[in-house]
Amino acid sequence: MRRLVFGPLILIACGTTAAQQAPPGLPSARISNVFPTGAKAGPTHVIRAFGAVLKSDDDVTIIGSDLDEPEKLYFSHPGIKGVYIAPPLPPVDPKKKDMPPMVKAAPNGPHKFKVTVAADVPPGTYDLRVIGKYGVSNPRAFVVGNINEVREKEPNNDVPEAQRVDIGTTVNGVLSAATDVDYSVFTGKKGQRVVVSCLASSIDTRATPMIEIFDVGGRKLAVNRNYRDSDAVADVILPEDGDYYIRLFQFAYQGGGADFGYRLTISTGPWIDAVFPPIVEPGKPAQVTLYGRNLPNSQSADGFTVDGRPLEKLTVTITPPAEPTALTRLSVRGRIEPVTALQDGFEYTFKGPNGLSNPVPIYFAREKLAIKKNAGGTTAATAEALPVPCELAGFISRRGDSDWYSFDAKKGEQLYVEVAAERIGTQADFFFSIRDHKDTKRDLSGEQDDDPDSLHPSGFYTRTSDPAPYKFTAPEDGKYYVVVGCREASVLTGPRSTYRLRVSPAKPDFRAVAMPYSRHYQSGANAWQGGTQAYDVYVHRIDGYNGAISIVPEGLPAGVTAKPLTIGPTTRWGVLVLNAAPGAAAFVGPITMKASGTGPDGKPLVREIRPATVTWGTSQPNSNVPVIARLDQSFILSVRPEKAPFTLIPEPANATTKLNGKDEKLTSLTVKQGDKFTVPLKVNWVLPDKQNVTLTAEPTAPNPQNSPVTVQIPTQPTKEKPEGVLNFDVKPTAPPGVYSITVKGVAQVPFTRDPMAKDKKGGNVPAEEFTEPILVTVIPLSVAKVTVGAIPNNTLKLGMSGEMTIKVERQFEYAGEFKVKFTPPMGTMGVTADEVTIPAGKDEVKLVVKAAADAKPGAVSNAVVTVTAVYDQKHTITHEAKVTFTVAK
């Protein structure tokens, strides 16, 4: 179960942190951590964004790379600014006439910035990036708070050294070693409910903290870890006035270092543990119940607890967004990991007299919403009826329960049944089955459990313990049951065990995520002049949507262009390539991307593509271990004045195919199923010394050999002959449509970081560039299966006529007309038929065959019935069927 392996993956990553090196290749700005990881709105703050080499500064060691010549910080909110603080100049020796040499900061930091947060910046989490010589970095979380912020003060490793803070304070700290223990102490009053939260994974750090709360006598009052991912949350109702100690340490004492930062908040403000229902209908005001702690004017939450701590509940009314673009996006500033990244929703924060709560996501329902009744149905006899189509919000009310629901369906009716829990943040393993209404022990679906599918096996790992959507076909008219269960139902109940159940006809749709092309390392998006910046685009297809999807970037700066990427029918991956002109001006700023397709009703579907990056990469890129990734708040692109070493130029205009053993030039890359063809490619070198280039075609599916269109590269470009050959193979089963194939080229090129250095020897590094997408249009060999019925008695009398029924079984969603023509065998005279048409949307026609009075009697063998369609309004597709009958006197 995915939820249970997250922790070990983190621990494995922690253990290899110190050994990680900057990824190979030309430099691209990357940051590993930021300290502190947040600030209170209003005043000025000095923070450090650190990079790669190990250095001790205030007991913090930071890792990163390629942060040469930093310029400023770039935040996802314009009200947050970061100005670079240059290192101080060395003292001037009055005895020397020469000026002291300029101090140059280490390429990998640490670098200091003065950060200002405007007073009107809303509290929340924002993306922070560094801009420097080698572009804009990957993002790191930066939290704007509304209470006092302090930094951890060492030594604080034991009770006598505990750092004293007030309730209503956030401590920014670092677990600098595996055995580091940080103590804080606060004074409280009897009866106060104090919530202590420690953010780690949600602010992009590697820490896996555990927190313990003690009274002055050393009695442990609360403990917590892994509240959500590696964040920790504990609370205590103070038993008396006095001091209380918080002990914070790395779980299992593994890992530690500058990447192990945290934000420890001590507060009596509201904390939301769950919202029910967790889904609402777009634009429709809804009452929801908040479950949490320190909720004003609340009441007891029916005995429900989290980690043994009692919850309170409070009903509030919320008004969800209604604008159409908001309904297909996930507008949440907090960390969104891949498993939840494909939902739609928005962020909610509760404001009480003691401040703001933590933000929580609320999701959009795709159908009319129903709420599970309090009593629930735990047997077939008490099953709740679902008003299909609908989406229901529920949770496990009592230990050991399974929830039963009923719905009515007609014979042959197809409905999608879907249960989502982990995908909406519930840390539990749900499953379901569909039961027969006559015999409830008869399981019609089999137990539907963990979905093994992932948007990408390592780069954006969406595999979940939720079941995959199940397509149910009713075997007969009647009532059916859905039984929803949870593996942890014996220990997990209440609003932290929420799920959403959808039962509805198919609503084909899609969502898409794009990441800078760096599947194993954190990276920004940086194009060099004359070069490319590539993005991996992953498409999530919903309810059987299998159409082509066009990917188009918008808001590109002058000098940067992109050919639209088409992710072909049934495929899920593609590589979008931005091309920077040789003279493109330097730029850093946001861009957007749109994905467009056609719905079943023929209307356009347009969806915003969600930006994402790798948060923590892997030191073993070929091991297929999933990296830690998340959604970003925006796409940020930079164009740098450095020159790309080479470009790749495919030449589809010179494509050829084999015909009778000879090369024949193709007029276009419009080909039929089963075709094979060749496209030449050239490498244009900017560097004077040419190198060998290794070309690979980017896959469009997890198993490239099963892709509708595959590419083999028998001839690689060399330094002597910078030309390559791409062999395309269109599978006979390839669904018709447009496919984009992107080719990557990698070459070892010389690189010197500082061309002004005395020792200008650098070394060779791998540089990669991409072709623009090569568009291949696949047309079908046929758009129907044709059946020709016989003339009555298979005999046609002289001077008479007979009817043949021509039927078509349409394929590939072709809905146009068919022209039907009859051609008698050569030499047959007097047997004719007028051309007829099968109208659009129809499946048969009568073809009237006539025999002239003077026709020659006898067998008419292998007469041809030709059925012709025009596919995509321009491609003629011909189907033939042969018939035999007798002409008699």
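1. Strand E33 is mostly covered, with 6 of its 7 residues buried (buried: under 20% relative accessible area; exposed: over 50%; partly exposed: in between; 1.4 Å probe, protein chains only). Helices (H or I, at least four residues) and strands (E, at least two) are DSSP runs, numbered from the N terminus. The model is predicted: local features need pLDDT of at least 70 and side-chain atom pairs count only at pLDDT 80 or more, while totals for chains, interfaces and linings use all residues. Residues are numbered from 1 along each chain as its sequence is written, and side-chain values use heavy atoms, with hydrogens and water left out.

2. E33 pairs with strand E39 (residues 478-486) in the antiparallel sense over 7 bridges; strands pair if DSSP finds at least two bridges between them. Within this pairing, Asp403 stands opposite Val484 in E39. Strand E31 (residues 384-385) runs parallel to E33 and is joined to E33 by 2 bridges. The bridge partner of Glu384 in E33 is Tyr405.

3. The structure holds 23 aromatic pairs. Rings of Phe, Tyr and Trp (its six-membered ring) pair if their centres lie within 6.5 Å; planes under 30 degrees apart count as stacked, over 60 as edge-to-face and the rest as tilted. The rings of Phe346 and Phe364 are 5.6 Å apart at their centres with planes at 40°, so this pair is tilted. Because Phe346 lies in strand E26 (residues 345-348) and Phe364 in strand E29 (residues 360-364), the pair ties together parts that are 18 residues apart in sequence. Phe346 is buried at 9% relative accessible area, and Phe364 is buried at 4%.

4. Phe407 and Phe472 form an edge-to-face pair, at 6.0 Å centre to centre and 90° between the planes. Phe407 belongs to E33 (residues 403-409) and Phe472 to strand E38 (residues 470-473), so the contact ties together parts that are 65 residues apart in sequence. Phe407 is buried, with a relative accessible area of 1%; Phe472 is likewise buried, at 3%.

5. Tyr134, Trp528 and Phe751 form one aromatic cluster. As for charges over rings (NZ of Lys or CZ of Arg within 6 Å of the ring centre and within 35 degrees of the ring normal), Arg487 lies over the face of Phe431 at 4.1 Å from the ring centre. The charged end of Arg496 sits over the ring of Tyr227, 4.4 Å from its centre.

6. The structure holds 0 disulfides (pairs of cysteine sulfur atoms within 2.5 Å). Cys198 is buried at 0% relative accessible area, and Cys390 is buried at 1%.
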